[in-house]
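Subject: Handing over a structure

Hello,

I am passing a structure on to you, and I hope you enjoy looking through it. Please open it first, and then read my notes below.

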Amino acid sequence: MKEDILGIYRKLQQHLDKMPVGYPATESEIEIKILKHLFTPEEAEISLTLGFYPEKVKKLHRKLKSYSLEEL
């Protein structure tokens with residue numbers, strides 16, 4: 001489970017690094033520590049579906065079937 005959680009944060013780092021400002025990986029992995037401080041694992045998973053432009057919650061719900069519309 002701990003490796004799965006680390007994987008979610010690494011995926012989020014890679015996702016954010018594709019954005020215009022970027023969020024590169026470092027040798028110290030401080031970027032992962034920051035993400036863990038800012039996001040719960042659930043929030044990180046949801047954030048992986050977000051793009052640069054705002055989307056309606058209903059559209060996000062179609063991508064994230066594991067969360068109810070109310071949870072999102």
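Predicted model: local features only at pLDDT ≥ 70, side-chain atom pairs only at ≥ 80, totals over all residues.

Helices (H or I, at least four residues) and strands (E, at least two) are DSSP runs, numbered from the N terminus. Residues are numbered from 1 along each chain as its sequence is written, and side-chain values use heavy atoms, with hydrogens and water left out.

P54 counts as exposed because its relative accessibility is 80% (buried means under 20% relative accessible area, exposed over 50%, partly exposed in between, with a 1.4 Å probe and protein chains only). Between the C-alpha atoms of P54 and P20 there are 15 Å, and the two residues are 34 apart along the chain.

Two ring-bearing residues come next. Both F52 and Y53 are exposed. One aromatic pair is counted (ring centres of Phe, Tyr and Trp, the last by its six-membered ring, within 6.5 Å; planes under 30 degrees apart are stacked, over 60 edge-to-face, the rest tilted). The ring centres of F52 and Y53 are 5.2 Å apart and the planes stand at 80 degrees, so this pair is edge-to-face.

S47 belongs to helix α3 (residues 41-47). Is S47 buried or exposed? S47 counts as buried, because its relative accessibility is 13%. Beyond its neighbours within four places in sequence, S47 is in contact (heavy atoms within 4.5 Å) with L12, H15 and F39.

The largest nonpolar core has six residues: Y9, L12, Y23, I32, L35 and A44 (a core is a set of buried Ala, Val, Leu, Ile, Met, Phe, Trp, Tyr and Cys residues joined through side-chain atoms within 4.5 Å). Helices α1 (2-17) and α2 (30-38) each supply at least two residues of this core. Leaving out residues up to four places away in sequence, I32 touches L6, Y9, R10 and Q13.

G7 lies in helix α1 and counts as partly exposed at 26% relative accessibility. The C-alpha atoms of G7 and I46, which are 39 residues apart along the chain, are separated by 14 Å. I34 sits in helix α2 and is partly exposed, with a relative accessible area of 39%.

Happy exploring!
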